[in-house]
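Biologist: Before we discuss this model, could you put the sequence and the structure up, so that each term can be set against its definition?

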Amino acid sequence: MKQLLIYERPVQLNRVTHRHHRVVATPGDFSFAAELNSVPLACVEFTPVTREYPILFAGNSVDAVVPAALLGLRSQQNLMIDDGGRWVEGAYVPAFLRRYPFVLAERDDGESEFTVCLDETHICEGGEAGMPLFDEEGQDSPLLSNALNFLQEYQVHLARTREFSATLASHELLVSRQVNVQTAGGEAFSLDGFFVVDEEKLRGLKGKALQELARSGDLGLIYAHLLSLGNVDLLVRALDSRSATAATH
């Protein structure tokens, strides 16, 4: 299986091997994502994300991008997670992280498109700690059933998101962009390696192209993305606050 971001030891879920295993992840503990400064997004998440994080498009080229929520301004620093692994109270947690320790992973053997996996570091066999994967009859526990439903729904949203990204590329709306940041302490640095929608190119769309974007809902997603870019200032303030706290200790 391909390498998966944040999953230290992804293993395929097996009804025999994991018959008596339990998930021991601590509710509300997001320490596994403390070094992620961005995470992939599905289009359905744009509305809540627009209120809190910048939405950018990550990828090596305009025809291979995915929407992403920017969570930090430095490499390996997630400003939404405190030293105790807790997410900022009341802030939206992207679905990419909420599905952990479960994930649908692509297979390389050609047997099937996806397989259900989970991070082996968050399961144990027997004992009373955590929540069971299966009940006494070997059927899916409520935990596993809810996780599988979440994964299936998420996969549907990812398909819609890929369509959206492809549409942006087909209209040549994406451009490489650099964000220049200056902290309260006077430190200046830049972020690059991502794309944004070019507003001038967007304004240049006419007739059928613009109508199709509006009809599909893509136009609303585009404006949500553009509006979210102002949230870089929120991240700068969060970085300044963390730096000030560190200086007093």
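Biologist: Which residues have the most contacts inside the largest nonpolar core?

Modeller: This is a predicted model, and in it the largest nonpolar core has 62 residues, with Tyr 53, Leu 73, Trp 87, Leu 97, Val 197 and Ile 222 having the most contacts inside it. The largest share of this core, six residues, comes from strand 11, residues 188-197. Leaving aside neighbours within four places in sequence, Tyr 53 is in contact with residues including Leu 70, Met 80, Trp 87 and Asn 231. Another core, of 14 residues, lies apart from the largest one, and among its members are Val 11, Val 23, Ile 123 and Phe 134.

Biologist: Why is helix 3 called roughly perpendicular to helix 6?

Modeller: The axes of helix 3 (residues 142-170) and helix 6 (residues 218-228) cross at roughly 80 degrees and come within 11 Å. Angles of 65 to 115 degrees count as roughly perpendicular, and therefore helix 3 is described as roughly perpendicular to helix 6. In this contact, Arg 160, Phe 164, Thr 167 and Leu 168 of helix 3 meet Asp 218, Leu 221 and Ile 222 of helix 6; by class, there are four nonpolar, one polar and two charged residues.

Biologist: What makes Cys 117 buried, and what makes Cys 124 partly exposed?

Modeller: Buried means under 20% relative accessible area, so Cys 117, at 0%, is buried. Partly exposed runs between that cut-off and 50%, so Cys 124, at 27%, counts as partly exposed.

Note on methods
Residues numbered from 1 in each chain as written. Predicted model: local features only at pLDDT ≥ 70, side-chain atom pairs only at ≥ 80, totals over all residues. Heavy atoms only, no water. Axes fitted to C-alpha atoms, helices over the stretch in contact; angles between N-to-C directions. Helix = DSSP H or I, 4+ residues; strand = E, 2+ residues; numbered from the N terminus. Parallel < 35°, antiparallel > 145°, perpendicular 65-115°, else oblique. Contact = heavy atoms within 4.5 Å. Nonpolar A, V, L, I, M, F, W, Y, C, P; charged D, E, K, R; others polar. Buried < 20%, exposed > 50% of the residue type's maximum accessible area, 1.4 Å probe, protein only. Core = buried A, V, L, I, M, F, W, Y, C linked by side-chain atoms within 4.5 Å.
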